[in-house]
Amino acid sequence: MSVELSTDLRRPAYRDISLYAPNREPCAVDLSDNTNLWGVPPAAERALRGAASAAVTRYPALYAGELKRALAAYVGADAESVVTGCGSDDVLDSAIRALAEPGEAIALPDPSFAMIPIFARMNGLTPVGVPLAADYDVDADALLATGAKLIYLCSPNNPTGTTAARHMIERIVERAPGVVLVDEAYAEFAHASNVDLALASERVLVVRTMSKAFGLAGLRVGYAVGAPALVAEVEKSRGPYKVNALAERAAVAALTDGLPWVREHVELAVVLRARLEHALRTMGLAPLPSAANFVLVPVPNAAAVAQAMRASGVAVRPFAGLPGVGDALRIAVGPWEMMEACLTALERAIC
Ligand SMILES: *Cc1c(COP(=O)(O)O)cnc(C)c1O
C-alpha cells in the first residue's frame, strides 16, 4: 500500500524516508531479530505479573530514576551518567537530535545498523556510509575524513557480528570533531565494553539495550552511558515519561534478581555460537567471526534462500549485496534444537 500526503502538507526532507519493514510474518523458529531465544528472565516475568494496576493509572517516573540506578550499578557508573529511553532506538534518535544540527552529517560504517540512516534523515542529517576495512574492523581514518559532526560505531557490529578494535575507537575519539556514538547492543556476548571510555571523555556516548541479552525487546528499554553533561543533553532531547511503568519494574528486576539468569544464558549463547559457526564451516560456508548472539554467513541469492527456509519453518534475515560481504544470512543464536532446525532448513535450501 502506498499513500502519499499532498505536497503542500509534506515535509520535503521526509520524502525519501520509508517505514521500517522487515518481514515479520510469524514463523515456527524465528531467528531473524537477535532477541533472547531462551525467553524472559523469570525475575522480570514475576515483576510483570505482580505489578499492581495502580502502577498503570499514574504516570511513570519522569526519567526512570530507579532504572537508572540499577543500570548504573550494572555498568559500574553513577546514575548521573545514565540516560534511558523507549528502546535504544529512542536513545540513538534522541542523541542524534541533541548533538547535531539539521544539515550536518553522521558518518557510520557500511554495513552497520540499518536504523541509523533512517534516524539521521528523520532529524535532517545526512548519513555518510564508510566501508569496513578488509578485516571487518572500522576504518578510522576514512570515518574521520568525512568530517562528519557525529560518528556512529557499532561493536559488535550488526549485521556482521565483528568488533571494532579498541585502538581504532580511541583513534576516532581523539580526532573526531564531535561526539562518537558507540552502539553496544551486543556487548554482553563480546565480554568487552567501551563504557570506561564514555566515563573518561565528554565525546563518547555508549548506547545499550535490554532487548537482546536481557530478553525484554517487547518492553522497549534502552540506555546510554556518558559524561553527566552529555547525558543531560540527550535526556532533554528524549523528553519525559519515555520508559513506561511496567517496563521499568521488569527491567529493574532483570538487572537485580534476574542477573544470574541473564549471565547464564549469555554464556550458553557464546558456546552455541561457536558450535553454529563450526557446523556452517562443515557445510563449506564461511561465517564471519562473530562476537554477538548472531552469525552472518555469506550465501549467494540470500533472499531466495531465506524464502525457502521460511517454507521449512525457519526465519533468518537475508541481506543483499553488503559491501565487502555480498549476499548473506544473519542467524540468531538460540537453543541447539533451533540451530539444528536452521541448519537442516539451510542445507535443504542451498542444495
Ligand atoms: C537491536 C539493536 C538495537 C535496538 O534495540 P532496541 O533497544 O530494541 O531499540 C540497537 N542497535 C543495534 C545495533 C541493534 O542490533
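The model is predicted: local features need pLDDT of at least 70, side-chain atom pairs count only at pLDDT 80 or more, and totals for chains, interfaces and linings use all residues. Residues are numbered from 1 along each chain as its sequence is written, and side-chain values use heavy atoms, with hydrogens and water left out.

**Overall build**

- The chain holds 14 helices and 12 strands; these are DSSP runs numbered from the N terminus, with helices being H or I of at least four residues and strands E of at least two.
- The radius of gyration is 20 Å, close to the 20 Å that the globule rule gives for 351 residues, so the chain is as compact as a globular protein of that length. The radius is taken over C-alpha atoms, and the rule is 2.2 Å times the number of residues to the power 0.38.
- The C-alpha trace spans about 55 × 50 × 50 Å along its principal axes.
- Of the 351 residues, 54% are buried (buried is under 20% relative accessible area, exposed over 50%, partly exposed in between; 1.4 Å probe, protein chains only).
- Accessible surface comes to about 15,500 Å², with 54% belonging to carbon and sulfur atoms (Shrake-Rupley method, 1.4 Å probe; for residues, only the protein chains shown count as cover).
- Among contacts between residues at least 6 apart in sequence, 73% join residues at least 24 apart (contact means heavy atoms within 4.5 Å).

**Helix 12**

- Helix 12 (residues 259–282) has 24 residues and reaches 35 Å from its first C-alpha to its last, close to the expected 34 Å. The expected span is 1.5 Å times one less than the number of residues.
- Gly284 follows helix 12, with a positive phi near 90°.

**Salt bridges**

- The count is 16 salt bridges (a side-chain nitrogen of Lys or Arg within 4 Å of a carboxyl oxygen of Asp or Glu).
- Asp90 pairs with Lys242, the closest N and O atoms being 3.9 Å apart. This pair links distant parts of the chain, 152 residues apart: Asp90 lies in helix 4 (residues 87–99), Lys242 in the loop between helix 10 (228–238) and helix 11 (245–255). Asp90 is buried at 11%, while Lys242 is partly exposed at 31%.
- Asp141 and Arg171 meet at 2.9 Å, N to O. Helix 6 (residues 140–145) carries Asp141 and helix 7 (residues 166–175) carries Arg171, 30 residues apart. Asp141 is partly exposed at 42%, and Arg171 is partly exposed at 30%.
- Asp16 bridges to Arg15 at 3.7 Å. Asp16 is exposed at 58%, and Arg15 is exposed at 56%.
- A network of salt bridges links Arg24, Asp30 and Asp33.
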